[in-house]
Amino acid sequence: MSRIRPDLSDEPAVRLDGVSLTYERTGEVLSEIDLILKQGSFTFLTGPSGAGKSSLLKLMYLAHGPTRGGIRLFGRQTYDLKRKQLAALRRRIGVVFQEFRLLNHLTAFENVALPLRVSGMKADSYQNEVIDLLRWVGLGERVDTPTPALSGGEQQRVAIARALINKPDLLIADEPTGNVDPEMGQKILRLFAELNKRVGTTILIATHDLDLIREFDAPVLRLSNGLLVRDVEFGGEA
Amino acid sequence: MMKRETPLLPISDAREAALFFVVGALCFLAALAALTTRGTYKAAEAWGAQIEGDITVVMRDTDRRTAEQAADRVTGLASVFEARILSREEVEALLEPSLGPGGMPDGLPVPILMVVQADTSVGDPAQSIEGVLDDLSIDGDVAGNAGYAENVRGALGVLRLVALSIVALLSATAVAVIAFATHAALLARRDIVDVLHLSGAEDRFIAGLFERRFWVLALQAGLGGSVAALMITALIVFTGSGSDGVEAQLLPRLSLDFWDIVILLVTPLMAGLAARIAARVTVLASLKDTL
């Protein structure tokens with residue numbers, strides 16, 4: 001698997017310089033965003049609905065490019081990447097989507113294994129790893145269950161396992177606790193915190209659940225009307 | 001135990017059934033057109049050779065005995081299979097369309113006709129036949145069909161070209177249909193394609209999924225089309241081969257020899273290959289505008 005790993009280890013995992021994003025239909029949703037996420041950081045992103053949280057995350061996981069400004073991931077400018085390099089960079093990013101984006105014709109196991117499968121690995125080389133991860137998120141008994149037969153919370157956990165299976169350097173989660181009960185929500189965030197602490201994965205979690213955030217000593221960024229505000233009410237610096 | 005991998009593109013839906021039918025029908029028509037082209041070619045070759053080999057010698061102011069002598073000597077020429085003098089009844093039959101069914105008047109000066117069948121591939125026997133006539137002091141003309149045969153060959157050449165154009169057109173249509181279907185499938189599966197991209201899949205990996213899907217579909221559809229073409233050809237060969245006469249000679253000579261079977265086997269392979277290339281090119285071109 002080819003990876004883009006610059007030697008600049010001090011480079012931030014994510015760096016946004018004056019990033020703006022304008023949609024044709026809705027106009028400007030992000031305005032002049034400057035942001036640095038250091039490697040190994042654990043950060044929350046909050047803001048009301050429609051503030052642009054998902055749009056900001058999409059820029060970071062390279063779903064599309066900004067209208068203005070520059071994005072650097074792991075020290076690499078992203079605007080001039082060739083498609084092959086883009087794919088290699090995406091393999092370093094795990095994404096938990098708000099709407100899960102699981103493939104409904106696949107089982108829980110196959111959804112989790114997807115990032116490994118697309119990188120050309122054979123099933124027998126990752127089978128145990130995928131099952132272990134599914135056990136870790138509490139789905140050890142649901143390995144071969146078709147996705148539509150899983151509950152919302154179970155699907156959420158499958159999506160989380162899929163985002164983690166590649167051992168990403170950067171994990172971006174968009175409302176990862178939105179479809180689970182508070183207890184499971186706590187468990188998921190603790191799982192992320194543990195991953196950050198043990199492996200050093202850079203983690204950015206977008207959520208509107210302030211009660212959950214309070215329990216973690218982590219910097220919080222707030223988006224309001226497309227503008228980014230650093231909110232230090234709950235934690236340290238990003 | 002290793003888990004069996006489910007295809008990343010969901011198994012076929014109604015659209016693919018329609019595509020299967022269209023590709024199968026196009027392959028059927030292409031195979032049939034290719035067989036007909038080959039049949040036309042064979043018919044043109046055989047008919048042209050036969051016409052060129054038929055030579056008529058008109059002998060005037062000579063008696064039948066000298067004419068028979070000439071026929072014997074012509075038969076002895078290297079490239080001649082047979083030479084014979086037409087009987088009076090045969091000449092009357094030839095002239096009947098002009099003179100009516102009442103027969104020829106007794107006093108009518110009718111030339112003696114000699115028909116010669118020769119192998120024109122060995123050489124033109126006209127000069128040798130004229131030499132025989134000169135030796136026997138016969139006033140006569142040698143009427144070959146080379147010019148006529150050339151016209152026939154020209155006309156059949158045009159037919160061959162038309163048939164080949166039909167094959168090319170059908171092939172191009174099949175490729176266009178598959179390219180269109182691939183594009184439609186890509187749009188219909190955009191959600192899956194996006195997830196694959198965001199999971200780190202390269203364009204060629206995604207193109208490979210569509211390539212394999214349409215390769216198999218076109219191969220199966222092409223095989224169906226070929227089998228249908230085989231059945232139709234077999235029907236024509238086994239039920240229509242009994243007819244003879246000029247019509248039968250003019251019609252393409254459908255058969256089921258080695259090369260016809262090759263055509264039938266190659267058609268689905270070509271369809272599969274064309275589908276594969278069309279799918280790859282379409283997907284790679286479309287993905288440039290995506291994530």
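How many bridges join β1(A) to strand β4 (residues 68–73) of chain A? The answer is given in the second legend; each view shows part of a predicted model.

**Figure 1. Overall make-up of chain B.** Chain B contains nine helices and four strands. Along the sequence these elements follow the pattern α-β-α-β-α-β-α-β-α-α-α-α-α. Of its 291 residues, 34% count as buried. Among contacts in chain B with a separation of 6 or more, 88% are accounted for by residues 24 or more positions apart.

**Figure 2. The open sheet of chain A.** Four strands of chain A, in the order β2-β1-β4-β5, form an open sheet with antiparallel pairing. The edges are taken by β2 and β5 (76–77) of chain A; each has a single partner strand, so one side of each has no neighbour in the sheet. Five bridges join β1(A) to strand β4 (residues 68–73) of chain A, and the two run antiparallel. Within this pairing, A:V14 has A:L73 of β4(A) as its bridge partner. Strand β1 (residues 14–23) of chain A is also joined by seven bridges to strand β2 (residues 27–37) of chain A, again in an antiparallel arrangement. A:R15 has its bridge partner, A:I36, in β2(A). The link from β1(A) to β2(A) is a hairpin of three residues.

**Figure 3. The open sheet of chain B.** Here the strand order is β2-β3-β1-β4 (chain B), in an open sheet of four strands with antiparallel pairing. Because β2 (80–85) and β4 (139–143) of chain B stand at the edges with a single partner strand each, one side of each is left without a neighbour in the sheet. On average, and with direction ignored, neighbouring strands of this sheet are turned by 20° against each other. Strand β1 (residues 54–60) of chain B and strand β3 (residues 112–118) of chain B run antiparallel and are joined by six bridges. In this pair, B:T56 stands opposite B:V115 of β3(B).

**Figure 4. Two helices lying across the sheet of chain B.** Helix α2 (residues 64–75) of chain B lies across β1, β2 and β3 of chain B, and runs at about 175° to β2(B). Helix α4 (residues 126–135) of chain B lies across β1, β3 and β4 of chain B, and runs at about 170° to β4(B).

Figure 5. Which residues of α4(B) are buried? They are B:I129, B:V132 and B:L133. Seen down the axis of α4(B), these buried residues fall within an arc of 100°, and therefore line one face of the helix. An α-helix has 3.6 residues a turn, so residues three or four places apart point the same way. The cover over the buried residues of α4(B) includes β1, α2, β3 and β4 of chain B. On the face turned away from the buried side of α4(B) are the exposed residues B:Q127, B:D134 and B:D135. After α4(B) comes B:S137, with a positive phi near 55°.

**Figure 6. The nonpolar cores.** The largest nonpolar core holds 118 residues, of which A:V112, A:I172, B:V23, B:A31, B:I178 and B:A271 touch the most other members. Another core, of 18 residues, lies apart from the largest one and includes B:V57, B:M59, B:A67 and B:V142. In soluble globular proteins, nonpolar side chains tend to be buried together. With neighbours within four places in sequence left aside, A:I172 is in contact with A:L57, A:M60, A:Y61, A:I93, A:V95 and A:L204.

**Figure 7. The surroundings of B:L32.** B:L32 is part of helix α1 (residues 14–53) of chain B. Is this residue, B:L32, buried or exposed? It counts as buried, because B:L32 has 25 C-beta neighbours inside 10 Å, where 20 or more are required. Leaving aside neighbours within four places in sequence, B:L32 is in contact with B:A229 and B:I232. B:A234 stands 202 residues from B:L32 along the chain, and the C-alpha atoms of these two residues are separated by 11 Å.

**Figure 8. The interface between chains A and B.** In this view, 16 residues of chain B are in contact with 22 residues of chain A. On the side of chain B that touches chain A, the elements giving two or more residues are α6 (190–198) and α7 (203–240) of chain B. The largest share of that side, four residues, is provided by α6(B). By class, the residues of chain B on this side are nine nonpolar, three polar and four charged.

Methods
Residues numbered from 1 in each chain as written. Chains lettered and ligands numbered in written order. Predicted model: local features only at pLDDT ≥ 70, side-chain atom pairs only at ≥ 80, totals over all residues. Contact = placed C-beta atoms within 7 Å. Nonpolar A, V, L, I, M, F, W, Y, C, P; charged D, E, K, R; others polar. Pairing = 2+ DSSP bridges. Axes fitted to C-alpha atoms, helices over the stretch in contact; angles between N-to-C directions. Buried ≥ 20, exposed ≤ 12 C-beta atoms within 10 Å, placed from the backbone. Arc of directions from axis to C-beta. Core = buried A, V, L, I, M, F, W, Y, C linked by C-beta atoms within 7 Å.
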